[in-house]
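Me: I have a structure open here and would like to talk through a few parts of it. Could you take my questions as they come?

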Amino acid sequence: MRRRNTMTRLLATAALGLPLVLAGAPAVAAPSTPVRQLGAVIPAPVETRPDARGTFTLRPHTVVRTSPGSAAAWRVGRQLAETLRPATGYPLPVLPVAATPLSEIALVIGGADARVGREGYQLDVTRRAVTIRANTEAGLFAGTQTLRQLLPARIEAPDRQRVTWTVPGGRIVDYPRFAYRGAMLDVARHFHNVDEINAYVDLLSQYKINYLHLHLTDDQGWRLQIDSWPRLTTVGGGPGTGVDGVGPGYLTKADYKAVVAYAAARHITVIPEIDMPGHTNAAQSAYAELNCDGVAPPPRTDIEVGYSSLCISDELTYKFVEDVIREVAEITPGPFLHIGGDEAHATTDEEYRTFMDRVLPLVGKYGKRASGWHEINQVDPPADVVSQFWGTRTTNADLAEAVARGNKVIMSPANKTYIDMKYDANTRLGLKWAGYIEVSDAYGWDPAQRVTGVGEDAILGVEAPLWSETLRSLDDIEYMAFPRLPAIAELGWSPAAGHDWESFRGRLGQQAPRWRQQGVDFYPSPQVPWV
Ligand code: TNX
């Protein structure tokens with residue numbers, strides 16, 4: 001039945017004169033005997049041409065060959081070998097040479113299909129070799145993440161497995177639909193430490209996510225060391241902070257740099273968010289002078305929003321903001337600095353405009369491009385400001401006007417991408433203000449068809465925010481992100497024409513054995529045929 005659906009789609013595609021796109025055909029085998037198919041990858045590759053004669057088998061003597069003279073290829077080769085060694089037990093030497101007659105996985109800079117661009121890759125599987133070609137290190141890395149999913153699930157095991165390590169034959173040509181494929185982690189409501197953030201980064205990188213947005217400050221906690229205002233973290237990130245007072249902690253600058261470097265090694269750029277002028281109770285509770293009445297409010301550990309505001313009319317506010325932006329920009333190699341701007345209900349429209357008109361240029365002053373939640377469009381920001389749409393409706397006049405002026409948008413509609421929402425009424429964790437979000441809800445929308453006046457060209461990409469009011473541990477993070485994060489990742493990477501729920505849920509089901517090997521705590525949605 002599913003096979004016929006696939007055939008029907010293929011014929012329709014061929015009739016349209018489009019290239020043959022096998023956007024990950026659904027599993028046709030019984031769940032107990034999964035047959036790995038070349039396209040059975042998340043996100044679905046752009047183009048897949050299986051070749052049944054070309055099955056590759058990873059063997060004890062296989063080598064990882066990298067373009068001679070390319071440090072980039074060599075780095076990716078080393079990473080790949082490290083990923084494949086534990087489960088295979090094979091030595092997998094990394095050899096920067098032009099050619100070998102051996103069984104090899106070759107990582108080659110250049111020579112790929114012209115369409116692959118800066119982040120894409122071409123992957124060829126024959127009996128003797130797997131060859132990944134790309135123009136960049138990021139492209140090679142993306143190709144290796146695809147290769148991981150084409151190997152048996154037990155490749156993710158932490159110790160040696162007795163498995164025949166086959167890879168299905170053929171060619172994949174693959175590249176992203178959107179330049180921005182993001183995930184956000186809220187470390188303010190409950191702090192999550194470097195190990196937890198990095199563990200999340202590992203998972204994100206497997207699905208070709210390339211931005212990690214860290215929500216670093218909020219009413220309940222301030223989680224990044226700022227040298228010129230030390231009490232932000234010693235008080236605002238200290239004992240008793242966080243929702244219910246049980247999420248204390250903060251990133252030192254060294255911690256933050258470690259996260260940035262760890263993410264960069266996986267081709268993920270960190271975007272720091274300092275939320276303002278609202279969501280600032282932690283800062284105002286640590287420094288009385290940040291309040292118009294000069295009185296520090298008590299710390300807050302509840303989950304109300306919209307009650308706090310920096311003092312818009314006080315010069316000291318702008319010294320504070322500039323100090324923070326300067327220090328954050330200094331330790332952020334990525335292009336973006338996110339200044340929040342959401343739910344400033346304790347600030348009048350006029351005050352909000354006054355504030356943003358002063359603060360937006362400060363981001364540029366320190367060499368960064370400002371991003372903010374979509375409320376920022378109220379002030380008609382300069383065209384280089386990126387806004388992140390979190391609304392649940394399909395119209396937003398300010399957003400459409402901003403797009404008409406040339407501003408770019410990141411799509412995070414709360415009723416589709418807020419992976420802190422419960423899956424259904426029985427979900428132990430999460431909130432439900434934007435509704436329940438099952439896997440099919442997270443997958444079943446098109447970023448370029450979502451908001452009137454906000455089309456493909458205006459969209460930088462998509463992001464799945466994970467707010468942490470109810471999330472305390474890495475297990476909690478995993479349970480909310482999996483399996484919805486892979487759904488958003490596919491919307492960000494794969495061509496719209498290939499989106500297909502039946503295909504997706506089949507491929508998703510095949511991820512489960514990988515997550516079990518990796519110890520990922522996931523929600524076993526009844527919508528998915530789990531293997
Ligand atoms: C809304 S949407 C928020 C956050 C909350 C989240 C909970 C937006 C930009 N702000 O402050 O944590 O809902 O789902």
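**Working through the model**

Reply: Gladly, with the caution that this is a predicted model. One place to start is the end of a helix: H10 is followed by Gly 406, whose phi is positive, near 115 degrees.

Me: And what caps the N-terminal end of H10?

Reply: That is Asn 396, which places a side-chain oxygen 3.3 Å from the backbone nitrogen of Asp 398.

Me: Which residues of H10 are buried?

Reply: Helix H10 covers residues 397-405, and its buried residues are Leu 399, Ala 402 and Val 403. Looking down the axis of H10, these buried residues fall within an arc of 100 degrees, so they line one face of the helix. As background, an α-helix has 3.6 residues a turn, so residues three or four places apart point the same way.

Me: What do the buried residues of H10 pack against, then?

Reply: They pack against two strands, E17 (386-389) and E18 (409-411). The face of H10 turned away from the buried side carries the exposed residues Ala 397 and Ala 404.

Me: Switching topic, how is the protein divided into domains?

Reply: Domain 1 takes in 47-174 and domain 2 takes in 180-496. Their contact takes 12 residues from domain 1 and 10 residues from domain 2, while the C-alpha centres of the two domains lie 35 Å apart.

Me: How much area is buried between domain 1 and domain 2?

Reply: The buried area is about 920 Å², and carbon and sulfur atoms give 47% of that.

Me: What about salt bridges between domain 1 and domain 2, how many are there?

Reply: The count is 1 salt bridge between the two domains. On the side of domain 1 that touches domain 2, the largest share, 8 residues, comes from helix H3 (residues 137-150).

Me: Last one, is Asn 291 buried or exposed?

Reply: Asn 291 is buried, with a relative accessible area of 9%, and this residue sits in the loop between helix H7 (281-286) and helix H8 (315-330).

Me: Which backbone oxygen does its side chain reach at 3.0 Å?

Reply: The side chain of Asn 291 reaches the backbone oxygen of Gln 284 at that distance, and it also reaches the backbone oxygen of Tyr 287, at 3.3 Å. If neighbours within four places in sequence are left aside, Asn 291 is in contact with Gln 284, Ala 296, Pro 297 and Cys 311.

Notes. Residues numbered from 1 in each chain as written. Predicted model: local features only at pLDDT ≥ 70, side-chain atom pairs only at ≥ 80, totals over all residues. Heavy atoms only, no water. Buried < 20%, exposed > 50% of the residue type's maximum accessible area, 1.4 Å probe, protein only. Helix = DSSP H or I, 4+ residues; strand = E, 2+ residues; numbered from the N terminus. Arc of directions from axis to C-beta. Contact = heavy atoms within 4.5 Å. Polar contact = N/O pair within 3.5 Å; in protein donor to acceptor, adjacent residues only side chain to side chain. Domains from an automatic or database assignment. Buried area = accessible area lost by both parts, 1.4 Å probe. Salt bridge = Lys/Arg side-chain N within 4 Å of Asp/Glu carboxyl O.
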